[in-house]
Amino acid sequence: MKVAVCVKQIPDPASDYQLDPEDHTLVRPNEQVLDDTDRYGVEVALQMAERHEGTVTLISMGPSGNLQGVRQALAMGADKAVLVDDPSLKGADSLTTARVLAAAIEREGFDLVIAGTESTDGYSGVVPQQVAELLSVPALTYAIAIEYADGTVRIKRQTATGYDEVESETPVLVSVTSGVVEPRYPTFKGIMQAKSKPVDTLTAADLGVDGSVGQQVTAVDVSPARAAGEKVEDDGEAYLRIITALEEAKVI
Amino acid sequence: MPWVYIEESQGAPVTVGLEVLSKARSLGEPTVVYVGEGSDAAFATLGAHGAAKVLHITPPAGMLGTAQVAATIAELIAAHSPGVLLLGMTYGARDVAGRLSARTGGTVLANAIDVSLDGGVSAVNEVFGGAKLVTTRVTGPGTPLVLVRPKSFPAEPSGGDVPPIESVPLADAGHAGSARVTGTHTEKAAGPKLEDAAIVVAGGRGLGKEEAFGMVEELADLLGGATGATRAIVDSGWVPYAKQVGQTGKTVKPDVYIACGISGAMQHLVGMKDSSTIIAINKDEEAPIFAVADLGIVGDVHKVLPQVIEALKGR
């Protein structure tokens, strides 16, 4: 089974995010980390490959930087990575991103594509579905559990009131939530091996994708601030402040 | 003229669809693309909220259907070239919008909290957990698709009549449309609905262990509110997915939101930061939740919550 998994390197969420004052795109430092939500996708991909004689290829778009994020996913056990790094893709919208990812996935070949539900930094939450449409395959979305047998993928799909059981034959794309599996931590051996695993770096032109962007940021405003909140250190009596706040809100 | 995508849930148009339709009235005469079985009552509700016309698509029985629905809407868009398609941001709408944009080449703006048609289609969304508002204009080809977050606009009836209904045949989507639904599981919920509750008491990883969610339930019960949860503890299996508040989950705007052991990840904040009063209890005084809290208690949730519960029981 050939498994392709979409991953993204993002600025460390613990750091302060900055917007470029010129074009309002997110400033991406040289050192980026693997988006935490992608660790779940990588784990699903590895489990599928381990159980069904498969290979796992990471597919990513964005500035390579020092490749720290991609190496994290390789250290977990992925076999190789394909990274599309092209200045013309700076500020790419979701559809352009999906066109790039789909073209790279098609170039590698696939039975199963795994993606996170949404990235932590951009969170448009539509790229997996766009990729599926471009690849002409079903999208089993918001998977909280996944299994595979005899050419059929079955998932539990999160809904507003619970979950549905959904299934489809491969080739298929599955988008996963972060509850789907417990991601493994890279071993020392894995970290050492990751350094010599192949990372193909491509441009948009290599894939025949036009990097045009269909949207433009026209304004960035500071959100109207909430009424200045109060922060109280608990001295054993802080619960009384909560009672008072509930009274003021007229809910008790 | 604006088009509005609305799904059916349990025989009625979804609430977020009616919210977006109410907004669409201020942008022109809305045409609704309605996806569901359809009924006189459902169509009357659409008319009452301002639908001037309804294009009715019945999804395929027993199938996931999002690919067929997207293919069908793509044909409608090709035939009518609407200025914009607005979609209330449900799980299904995200699936349809993604596929539709790939099919038509139209740009998707997601997580919109406001939308305008002045000088082209533009939408406002929140970044950095709501600290900044970004306005984005569509410059690309095709009909722009705007996914609107729940509770961005009130659902207000305008008293319109039942609009003309046009039944649209379903397009074929080949292998992409082959996903089947073989079972549906609805989690049982007691008390008020999370999205509609006036009071929400929510728990996060800071509770430490699954059993501690019992305190959250007890407090919600005493206040007549609903319980909510962060993605972290839902993913850990402590509470059902239907309780999740945040980006992937429910958006709530209660009178009072009590965050217990919640650090305040961006993912969570977008789902609750517009609550009228936010009370947060967290050990870490640097936790981002305190930036949106009206009252922040820096303390141990295991000490403070039992005290609040005891005090309320004594009233």
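Trainee: Which residues line the second largest cavity, and what makes a residue part of a lining?

Mentor: The second largest cavity is lined by A:A139 together with B:L64, B:G65, B:T66, B:A67, B:Q68, B:R99, B:A176, B:G177 and B:A179. A lining residue has an atom within 4 Å of a cavity point, and a cavity is a set of points, on a 1 Å grid over the protein atoms alone, where a 1.4 Å probe fits but cannot get out. Helix α3 (residues 66-80) of chain B gives the largest share, 3 residues; helices are DSSP runs of H or I with at least four residues, strands are runs of E with at least two, and both are numbered from the N terminus. This is a predicted model, in which local features need pLDDT of at least 70, side-chain atom pairs count only at pLDDT 80 or more, and totals for chains, interfaces and linings use all residues, while side-chain values use heavy atoms, with hydrogens and water left out. Residues are numbered from 1 along each chain as its sequence is written, and chains are lettered from A and ligands numbered from 1 in the order in which they are written.

Trainee: How do the residues of that lining of the second largest cavity divide?

Mentor: They divide into 5 nonpolar, 4 polar and 1 charged. Ala, Val, Leu, Ile, Met, Phe, Trp, Tyr, Cys and Pro count as nonpolar, Asp, Glu, Lys and Arg as charged, and the others, Gly among them, as polar.

Trainee: What makes A:R39 and A:D36 a salt bridge?

Mentor: A salt bridge needs a side-chain nitrogen of Lys or Arg within 4 Å of a carboxyl oxygen of Asp or Glu. The closest N and O atoms of A:R39 and A:D36 are 2.6 Å apart, so the pair meets that rule. Both residues lie in helix α1 of chain A, 3 residues apart, about one turn of the helix. Over all chains the count is 26 salt bridges.

Trainee: Why is A:R39 called buried?

Mentor: Buried means under 20% relative accessible area, exposed means over 50%, and partly exposed lies in between (1.4 Å probe, protein chains only). A:R39 has 15%, so it is buried, whereas A:D36 at 39% is partly exposed. The charged end of A:R39 also sits over the ring of A:Y40, 5.9 Å from its centre; the rule asks for NZ of Lys or CZ of Arg within 6 Å of the ring centre and within 35 degrees of the ring normal.

Trainee: Where do A:E118 and B:R231 lie?

Mentor: These two residues form a salt bridge whose closest N and O atoms are 4.0 Å apart. The pair crosses between chains, from A:E118 in the loop between β6 (112-116) and α4 (127-135) of chain A to B:R231 in helix α6 of chain B. A:E118 has 8% relative accessibility and therefore counts as buried; B:R231 has 21% and therefore counts as partly exposed.

Trainee: Why are A:Y142 and B:Y91 called an edge-to-face pair?

Mentor: The search of the whole structure finds 2 aromatic pairs over all chains. The ring centres of A:Y142 and B:Y91 are 4.8 Å apart and their planes stand at 70°, so the pair is edge-to-face. Rings of Phe, Tyr and Trp (its six-membered ring) pair if their centres lie within 6.5 Å, and planes under 30 degrees apart count as stacked, over 60 as edge-to-face and the rest as tilted. A:Y142 belongs to strand β7 (residues 139-149) of chain A and B:Y91 to helix α4 (residues 91-104) of chain B, so the pair joins two chains. Both residues are buried. B:Y34 and B:F43 also form an edge-to-face pair, 5.9 Å centre to centre with 70° between the planes.

Methods: 1 Å grid on protein atoms, 1.4 Å probe; cavity = no way out; pocket = protein on both sides within 12 Å on 5 of 7 lines; lining within 4 Å.
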